Amino acid sequence: MEECSTGALVPAVKAEPFLSSFGGSVDPCSSDIGRLTEEKGMSEVDKDLLCPICMQIVKDAFLTACGHSFCYMCIITHLSNKSDCPCCAQSLCKNQLFPNFLLDKLLKKTSAQQISKSASPVEHFRQALQQGCEVSIKELDTLLALLTEKKRKMEQEEAERNMQILLDFLNCLRKQKVQELNEVQSHLQFLKEDISVVERRRMDLYRAKDRYSVRLRTLGGDDSSNGARNSWPSSIDNNFGALRVRGGTSSWNIQGRGLQRNDALSASDSQFMNQSGLAVARKKRVHALFDELQECYLQKRRQMNQPYSQLEWDRSIIPREGYTAGLADFQSVLTTLTHYSRMRVIAELRHEDLFHSANIVSSIEFDRDYELFATAGVSKCIKVFDFSSVVNDPADMHTAVVEMPTRSKLSCLSWNKFTKNHIASTDYEGIVTVWDVDTRQSIMEYEEHEKRAWSVDFSCTEPSMLVSGSDDCKVKVWCTRQEASVLNIDMKANICCVKYNPGSSNCIAVGSADHHIHYYDLRNVSQPLHVFTGHRKTVSYVKFLSNYELASASTDSTLRLWNVKDNMPVRTFKGHTNEKNFVGLTVNNEYIACGSETNEVFVYHKEISKPVTWHRFGSPDMEDTEDDARSYFISAVCWKSDSPTMLTANSQGTIKVLVLAA
């Protein structure tokens with residue numbers, strides 16, 4: 001994956017020294033008088049006082065034999081290149097220059113007049129005193145009194161301004177704190193209401209549990225015989241039984257029954273201990289993600305502060321009075337989030353090829369029914385495996401049910417969402433191919449891309465439409481019933497990923513090397529519907545969680561979630577490492593998973609910015625060192641629908657089936 005590291009530079013204009021027509025160069029800002037001329041304008045300065053060379057007030061005036069006056073440095077510089085007068089072109093040399101004292105005196109007087117015009121009254125008074133102006137004591141007292149009063153007034157005004165600034169700050173701070181207090185009070189009100197609702201719900205569950213226990217005991221009592229009922233004596237019966245043991249009556253049977261009951265209690269205690277351990281572990285996960293969960297809870301309560309109508313409830317949840325949509329949604333998030341704490345390997349296979357040493361799996365995808373999955377990569381072959389056989393067969397080496405060799409290395413796969421046996425691929429030569437898995441032959445080949453094609457995707461709503469993106473900065477839309485592309489979008493940067501919106505064949509998301517996601521309506525591609533900005537490097541993957549939720553991955557080591565309906569960023573996910581490689585991205589309704597260049601798979605919940613769990617690929621060869629293991633990276637991931645099962649592959653060619661576990 002290549003990136004453009006150099007952007008366009010805004011040209012800077014450099015300030016150059018003034019060049020006279022006679023070859024000399026002078027500094028236009030070489031004197032205070034020159035700056036004075038710029039400030040006051042040429043109308044206030046006699047043009048006869050300007051040097052004909054630099055067109056500034058003459059500095060260190062020198063007179064030529066022909067009667068023209070110049071700045072000393074200007075005429076010396078000129079005579080070093082030419083031997084004539086700049087004004088009349090008469091022959092002139094350096095020994096024909098003479099100081100012009102009269103002009104210098106006139107210039108000093110002119111400068112003093114200009115300064116005098118701009119001087120303040122205080123400056124005039126100070127100059128008058130310095131020049132020996134006579135002032136009486138009475139006049140000085142009057143001036144001192146006036147100055148003292150003026151000083152007090154200015155101090156008073158300054159104090160008032162300072163007080164006003166302080167008052168504004170305090171009022172602003174109070175307003176902010178009042179807002180925070182109101183927010184905290186509203187949060188406390190949310191908590192008070194929800195705690196009350198949850199406590200009532202908890203008590204209802206306890207009562208229901210007790211009722212179920214009574215019914216079970218009743219049903220068990222009705223179905224058992226008198227002898228069976230006597231086999232479970234009460235605590236009083238047990239005491240009498242112990243006495244009968246001492247008396248020697250039926251001691252073996254009574255002791256046997258006692259042992260059976262103890263065994264039952266031990267099993268119950270063991271189950272209780274296991275449940276208690278799980279509860280403690282789930283509480284620890286809550287505390288570990290407490291800040292993120294707090295923000296999630298408050299956000300949902302603010303956004304959804306209305307009671308749930310019965311139609312809006314999930315069928316598995318019994319509607320209760322006072323339960324809000326926000327609380328119900330957060331409960332679902334909390335339950336899902338704390339249910340899993342790790343990933344467990346349930347199957348593993350090697351993506352090996354006898355004719356290719358490189359085994360990087362670039363893409364791994366499930367078919368329409370999640371029965372088959374296909375892999376592709378640098379080995380120039382599409383391999384299709386039966387998922388149930390891979391999971392149930394204990395063998396380390398699994399044979400592909402279908403193998404389709406290709407001419408070039410492959411970058412991406414996409415199964416047709418309607419036709420089970422059709423799959424599309426893109427390769428390093430820019431060719432987009434549609435394959436028939438049953439016949440193992442290509443149906444269509446599109447060769448319009450001029451460079452490597454990185455991504456392809458079938459539409460979820462239109463079975464004959466697919467889209468591809470390439471390093472040639474073009475997005476092309478294809479129809480399997482036509483031999484040429486039906487639509488072309490020219491962009492300014494390499495295209496790394498394309499994806500159809502699952503709810504519409506008219507909308508696609510495009511990730512590119514310009515760090516942005518471009519969201520297009522294919523009915524008008526003159527400009528995108530919206531450009532999502534936020535990533536700092538190339539966008540390598542885009543995936544839709546729903547019709548309005550879009551996830552993206554970038555080589556800036558972040559994932560981002562976007563709302564394409566409101567054109568808003570939702571959340572940024574950090575924890576994995578991704579700076580240069582394609583490491584995979586997969587999503588379902590709740591979870592987002594990606595690979596890492598640390599040879600780990602990371603799983604995020606869409607409501608929490610930190611990883612929920614992660615799994616490190618172990619090296620299959622015990623002789624491999626830790627440094628060798630670090631050189632590998634995860635290259636492809638894929639969820640099995642909305643289940644907790646996921647396919648993962650790394651750059652070594654190892655494929656693992658992982659499942660989320662408690």
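Biologist: Two strands pair if DSSP finds at least two bridges between them; how many bridges join E23 to strand E24?

Modeller: Five, and E23 and E24 (residues 549–554) run antiparallel. Strands here are DSSP runs of E with at least two residues, helices are runs of H or I with at least four, and both are numbered from the N terminus. Before we go on, this is a predicted model, where local features need pLDDT of at least 70 and side-chain atom pairs count only at pLDDT 80 or more, while totals for chains, interfaces and linings use all residues. Residues are numbered from 1 along each chain as its sequence is written, and side-chain values use heavy atoms, with hydrogens and water left out.

Biologist: Got it. Which residue is the bridge partner of Lys 543 in E24?

Modeller: Ala 551 is the bridge partner of Lys 543.

Biologist: And what sheet do E23 and E24 belong to?

Modeller: An open sheet of four strands, ordered E23-E24-E25-E26, with antiparallel pairing. E23 (539–544) and E26 (568–574) are the edge strands with a single partner each, so one side of each has no neighbour in the sheet. From one strand to the next, the twist averages 20° (axes are lines fitted to C-alpha atoms, for helices over the stretch in contact, with angles from 0 to 180 degrees between N-to-C directions).

Biologist: Where does Asn 567 lie?

Modeller: In the loop between strand E25 (558–563) and E26. Asn 567 has a positive phi of about 55° although it is not a glycine. With a relative accessible area of 28%, Asn 567 is partly exposed; buried is under 20%, exposed is over 50%, and partly exposed is in between, using a 1.4 Å probe and protein chains only.

Biologist: Back to E24. Is Ser 554 buried or exposed?

Modeller: Buried, with a relative accessible area of 0%. Ser 554 lies in E24, and its side chain reaches the backbone oxygen of Thr 538 at 2.9 Å. A polar atom of that side chain also lies 3.2 Å from the backbone oxygen of Lys 537. A polar contact is a pair of N or O atoms within 3.5 Å; within protein, one must be able to donate a hydrogen and the other to accept it, and residues adjacent in sequence count only if both atoms are side-chain atoms.

Biologist: What else is Ser 554 in contact with?

Modeller: Leaving aside neighbours within four places in sequence, the contacts of Ser 554 include His 535, Val 539, Ser 540 and Asn 578, where contact means heavy atoms within 4.5 Å.

Biologist: Switching to aromatics. How many pairs does a search of the whole structure find?

Modeller: The search gives 17 aromatic pairs. Rings of Phe, Tyr and Trp (its six-membered ring) pair if their centres lie within 6.5 Å; planes under 30 degrees apart are stacked, over 60 edge-to-face, and the rest tilted. Take Tyr 519 and Phe 544: their ring centres are 6.3 Å apart and their planes at 50°, so the pair is tilted. That pair links distant parts of the chain, with Tyr 519 in strand E21 (residues 517–521) and Phe 544 in E23, 25 residues apart. Tyr 519 is buried at 5% relative accessibility, and Phe 544 is buried at 10%.

Biologist: Which residues form an aromatic cluster?

Modeller: Phe 366, Tyr 370, Phe 373, Phe 385 and Phe 387 form one. Tyr 370 and Phe 387 are 17 residues apart in sequence and 7.8 Å apart in space, C-alpha to C-alpha.

Biologist: Where is the place of Tyr 370?

Modeller: In the loop between E7 and E8. Those two strands form a hairpin with five residues between them, and Tyr 370 in the turn has a positive phi of about 60°. Tyr 370 counts as partly exposed at 31% relative accessibility. Apart from neighbours within four places in sequence, Tyr 370 is in contact with Trp 639, Lys 640 and Ser 641.

Biologist: How do E7 and E8 pair?

Modeller: In the antiparallel sense, over five bridges, with E8 covering residues 372–377. Ser 363 stands opposite Ala 376 in E8. Six of the six residues of E7 (residues 361–366) are buried, so E7 is largely enclosed by the rest of the structure.

Biologist: Last one: what sits over the ring of Tyr 428?

Modeller: The charged end of Arg 452, 4.1 Å from the ring centre. Likewise, the charged end of Lys 656 sits over the ring of Phe 617, 4.5 Å from its centre. The rule is NZ of Lys or CZ of Arg within 6 Å of the ring centre and within 35 degrees of the ring normal.

Technical notes: Pairing = 2+ DSSP bridges.
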